[in-house]
Amino acid sequence: MIYDRSNVFARILRGEIPCKKVYEDQYALAFHDINPQAPAHILVIPKGPFTSFADFSSQATVEEIAGFVRAAGLVARQAGVEDSGYRLLANHGPDSHQEVPHFHIHIVGGRPLGKLLA
């Protein structure tokens, strides 16, 4: 995939589209999903132009990867789902229903989530 600088997350990062931000540092931005699937549903996106986990894991610097992973852990703790449990979800490509071509993870929790796949 070629990175599309007009995708919604790129526009959020540039401040063109508002979001309900819960965390931001030099490596990541986290905000509430506009269509939450659970009481806690937060997206964490890296600040760099990465299309997928494959792209991020092969192209990001060690600092970007560590910063992103640390941000995700901090956001889960701040959301209050660490003790009860939560799911980290990253989609890649059309078969997974990736809607935005900017790598991101979903932190989902706050209720029993059931099986991942039926």
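Helices (H or I, at least four residues) and strands (E, at least two) are DSSP runs, numbered from the N terminus. On that basis the protein chain reads α-β-β-β-α-α-β-β along its sequence, with three helices and five strands. The model is predicted, so local features need pLDDT of at least 70 and side-chain atom pairs count only at pLDDT 80 or more, while totals for chains, interfaces and linings use all residues. Residues are numbered from 1 along each chain as its sequence is written, and side-chain values use heavy atoms, with hydrogens and water left out.

**Overall form**

- The C-alpha atoms fill a box of roughly 35 × 30 × 30 Å, taken along the principal axes.
- Of the 118 residues, 39% count as buried (under 20% relative accessible area, with a 1.4 Å probe and protein chains only).
- Among contacts (heavy atoms within 4.5 Å) with a separation of 6 or more, 57% join residues 24 or more positions apart.

**Largest pocket**

- A pocket is an open set of points on a 1 Å grid over the protein atoms alone, where a 1.4 Å probe fits, with protein on both sides within 12 Å along at least five of seven lines; lining residues have an atom within 4 Å of a point.
- The largest pocket holds about 660 Å³ of space, a volume being the space filled by probe spheres set on the points.
- Its lining has 28 residues, of which Asp33, Asn35, His41, Leu43 and His106 are the closest to the centre.
- Helix H1 (8-13) and strands S2 (28-32), S3 (40-46), S4 (86-89) and S5 (105-109) each give two or more residues to this lining, and H1 has the largest share, with three.
- The lining divides into 14 nonpolar, nine polar and five charged residues (nonpolar: Ala, Val, Leu, Ile, Met, Phe, Trp, Tyr, Cys and Pro; charged: Asp, Glu, Lys and Arg; polar: the others, Gly among them).

**Second largest pocket**

- The second largest pocket has a volume of about 160 Å³.
- Its lining includes Phe53, Phe56, Phe68 and Phe103, and it divides into 10 nonpolar residues, one polar and no charged.
- Helix H3 (62-78) supplies the largest share of this lining, four residues.

**Gln98**

- Gln98 is placed in the loop between S4 and S5 and counts as buried at 15% relative accessibility.
- A polar atom of the Gln98 side chain lies 2.8 Å from the backbone nitrogen of Gly93.
- The backbone oxygen of Val100 lies 3.0 Å from a polar atom of that Gln98 side chain.
- Beyond its neighbours within four places in sequence, Gln98 is in contact with Met1, Thr51, Asn91, His92 and Gly93.

Technical notes:
Buried < 20%, exposed > 50% of the residue type's maximum accessible area, 1.4 Å probe, protein only. Polar contact = N/O pair within 3.5 Å; in protein donor to acceptor, adjacent residues only side chain to side chain.
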